[in-house]
Amino acid sequence: RDIGRCYKLLSPYVETSMGIVSTEDFMARFCSHLNLNNEVQRCAILLAKKANEMGLLSGKSPLSVAAAGIYMVTQLFPQYRKTQKEISFVARVSEITIKGTYRDLYNNRYQLIGSEIAPKDAVDNLPDS
């Protein structure tokens with residue numbers, strides 16, 4: 001009861017002073033820790049925005065969306081390729097989580113990845129898991 005009362009008293013102040021962390025915020029941090037350039041980061045953010053607009057990732061954690069998005073984009077550019085294990089370490093999500101979220105992205109890869117991100121032949125060569 002005391003905890004509930006304290007929560008009710010504090011919640012108006014906490015909600016106004018704290019912002020919601022978005023997938024894009026995580027992507028910027030993870031790309032930095034993975035030593036990926038701004039172009040890879042931009043492409044990953046575009047991919048996440050499209051996936052969100054399409055409603056593909058509703059109910060998924062922003063952490064797992066960011067990790068899977070970065071994994072997918074790095075697979076498009078061989079010079080920046082990262083493994084699920086490397087991304088898992090930085091994002092602090094399991095490789096299984098990345099694999100599952102990536103699968104959702106992969107199934108819609110042609111709708112998600114337009115020419116502003118990568119050419120069609122790069123999309124054709126994405127790994128299926």
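These notebook entries record what I looked up about three neighbouring topics: helix α2, its contact with α3, and the contact of α3 with α4.

**Basis.** I worked from a predicted model, in which local features need pLDDT of at least 70, side-chain atom pairs count only at pLDDT 80 or more, and totals for chains, interfaces and linings use all residues. Residues are numbered from 1 along each chain as its sequence is written, and side-chain values use heavy atoms, with hydrogens and water left out.

**Helix α2.** I located α2 at residues 23–33; helices are DSSP runs of H or I of at least four residues, numbered from the N terminus. I found T23, F26, M27, F30 and C31 buried (under 20% relative accessible area, 1.4 Å probe, protein chains only). They lie on the same side of α2, because they cover an arc of only 130° around the axis, taken from the directions from the helix axis to the C-beta atoms.

**α2 with α3.** I noted that the two axes, lines fitted to C-alpha atoms over the stretch in contact, come within 10 Å and cross at roughly 155°. α2 is therefore roughly antiparallel to α3 (angles over 145 degrees, on a scale from 0 to 180 between N-to-C directions). The contact (heavy atoms within 4.5 Å) involves T23, E24, M27, A28 and C31 of α2 with Q41, A44, I45, A48 and K49 of α3.

**α3 with α4.** Here I read that the axes come within 9 Å and cross at roughly 120°. The pair is therefore oblique, the class left after under 35 (roughly parallel), over 145 and 65 to 115 degrees (roughly perpendicular).

Key. Buried means under 20% relative accessible area, exposed over 50%, partly exposed in between (1.4 Å probe, protein chains only). Helices (H or I, at least four residues) and strands (E, at least two) are DSSP runs, numbered from the N terminus.
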